[in-house]
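Dear colleague,

Please find below the structure that I am handing over to you. A summary of the findings follows it.

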Amino acid sequence: MSHIQILVGSVTGTAERIADLAAERLQTLGHQVTVNRFAQLDDLLRSPEEVLLICTSNTGSGDLPDNLQPLYVQLTREFPPIAGRLYGLINLGDSSYTTFGEAGQAMDDAFADLGAQRIGEPLVLDASSGDDPEPLTEDWVANWATQLPEDAA
Ligand SMILES: Cc1cc2nc3c(=O)[nH]c(=O)nc-3n(C[C@H](O)[C@H](O)[C@H](O)COP(=O)(O)O)c2cc1C
């Protein structure tokens, strides 16, 4: 069983719904999950064993939503000690934008630059694809969960 904190970035609620669905699926699999809609650096540093799952949309021109941008600024300015920290990424965008997925990619880069270790490949949800994001999320979460460490706190 892992403890997982989902860090949400959302403007109009889609990423929030996907985060709630991911939380529900992970809880069904026996994990302890919290969903954080206003993440600050302290929330990450409190429990170093906790696995982080970023679930963010893109806004503006490849920008992070206002409720996740402050964390990005803290990560890239304060260089917190999160080397080795396990995390995953759900990146919601729209391929009709030339800046498709760039905000989620920036978050991924910020974690990687600090030495955090991503579990699996990101789930990229494209609003222009016509695909229903919910079954894609359920399938991805089921696979992602198999890669979690057995005994993460
Ligand atoms: C004003 C606006 C700007 C957007 N900019 C981007 C962008 O730069 N890159 C991208 O991949 N998607 C972009 N999107 C698409 C959203 O990320 C996508 O629709 C997402 O599912 C919205 O999730 P949310 O409701 O949680 O914010 C934009 C959407 C809007 C409305």
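**Helix 1 and its surroundings**

Helix 1 (residues 14-28) has 15 residues and spans 21 Å from its first C-alpha to its last, close to the 21 Å expected at 1.5 Å a residue (1.5 Å times one less than the number of residues). This is a predicted model, in which local features need pLDDT of at least 70 and side-chain atom pairs count only at pLDDT 80 or more, while totals for chains, interfaces and linings use all residues. Residues are numbered from 1 along each chain as its sequence is written. Helices (H or I, at least four residues) and strands (E, at least two) are DSSP runs, numbered from the N terminus.

The buried residues of helix 1 are Ala15, Glu16, Ile18, Ala19, Ala22, Ala23 and Leu26; buried means that 20 or more other C-beta atoms, placed from the backbone, lie within 10 Å of the residue's own. Seen down the helix axis, they fall within an arc of 160 degrees, so they line one face of helix 1 (the arc is that of the directions from the axis to the C-beta atoms). After helix 1 comes glycine 30, with a positive phi near 100 degrees.

The largest nonpolar core has 38 residues, a core being a set of buried Ala, Val, Leu, Ile, Met, Phe, Trp, Tyr and Cys residues joined through C-beta atoms within 7 Å. Helix 1 gives the most to this core, with 6 residues.

The ligand is surrounded by 21 residues, the closest being Ser10, Thr14, Ala15, Ser57 and Gly93 (C-beta atom, placed from the backbone, within 6 Å). Helix 1 and strand 4 each supply at least two residues of this shell.

Yours sincerely

Conventions
Buried ≥ 20, exposed ≤ 12 C-beta atoms within 10 Å, placed from the backbone.
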